[in-house]
Amino acid sequence: MKVFAHRGASGNYPENTQLAIENALLIGVDGIEVDLQSCLDDYVIIHDSWLDRTTSGQGKVNATAYADIQNFDAGLGQRVPGLQDVIGWVGNQTMLNLELKHTFSLDKLVATLEQSVAEGNLQREQLIVSSFDHHQLMWLKQHLPWVKIGALTSSIPLGYAEFAQRLNAFSLHVDKNFVNHEFVADAKARGLEVYAYTVDKPQDIIAMKELGLDGVFTNFPCNTKMVLAQEA
């Protein structure tokens with residue numbers, strides 16, 4: 001079962017920062033998950049639409065310029081990364097899951113990803129783009145056919161994984177509290193990989209493995225890998 005570091009190794013380091021990402025890479029995770037959203041003039045890696053929880057700044061992310069956001073402390077002296085920063089840090093070392101939060105100008109995102117691939121900084125097979133906004137995922141898949149789509153849900157829909165198949169998704173990303181055997185079996189029958197979030201407690205990690213999931217997103221990737229090694 002794959003282990004994705006949720007916002008990097010965010011249980012031990014400031015989330016979505018270089019420290020969290022690089023320490024997750026040292027552990028040898030199968031993937032890094034970060035949150036992508038638009039500030040006033042660029043993309044930044046931050047979860048909330050407001051700056052105050054995770055940085056020393058105030059105000060809405062989408063109303064603040066990139067240069068101003070760089071002046072804020074994101075914890076332990078870290079700054080809020082840009083998209084190119086994260087691509088550079090992860091390189092070709094592991095999978096990179098970009099979760100679209102409050103993200104606009106997707107045509108610019110397409111151009112940025114294509115350029116990163118062309119320059120050899122990102123391998124196509126490494127990248128997953130996920131979101132709860134399935135309209136954005138559909139648009140992105142239409143304009144960037146090679147991209148792997150991760151369809152996020154926090155429910156068990158009536159049609160199970162049908163919505164993800166309609167998006168031509170690669171993977172289904174489910175809330176650990178809303179997943180069962182039927183949901184997983186339906187997704188697998190549709191050719192989808194199934195990942196659960198956010199899975200930190202040993203009992204939950206084992207439960208996800210027993211359900212046959214392909215991977216989990218975890219704030220404590222080192223602990224999660226140890227639990228899985230003990231269960232092997």
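Student: Why is Arg 7 called buried?

Tutor: Its relative accessible area is 13%, and buried means under 20%, with exposed over 50% and partly exposed in between (1.4 Å probe, protein chains only). So Arg 7 counts as buried. Mind you, this is a predicted model, where local features need pLDDT of at least 70, side-chain atom pairs count only at pLDDT 80 or more, and totals for chains, interfaces and linings use all residues. Residues are numbered from 1 along each chain as its sequence is written, and side-chain values use heavy atoms, leaving out hydrogens and water.

Student: What makes Arg 7 and Asp 35 a salt bridge?

Tutor: The rule wants a side-chain nitrogen of Lys or Arg within 4 Å of a carboxyl oxygen of Asp or Glu. Here the N to O distance is 3.4 Å, so the pair passes. Arg 7 sits in the loop between strand 1 and helix 1 and Asp 35 in strand 2 (residues 31–38), so the pair ties together parts 28 residues apart in sequence. Those helices (H or I, at least four residues) and strands (E, at least two) are DSSP runs, numbered from the N terminus.

Student: How do you know whether Asp 35 is buried or exposed?

Tutor: Asp 35 has 0% relative accessibility, so it counts as buried.

Student: And what about Glu 15 and Arg 53?

Tutor: Their side chains meet at 2.9 Å, N to O, another salt bridge. Glu 15, at 18%, counts as buried, whereas Arg 53, at 47%, is partly exposed.

Student: Which residues are linked in a network of salt bridges?

Tutor: Arg 7, Glu 15, Asp 35, Asp 48 and Arg 53.
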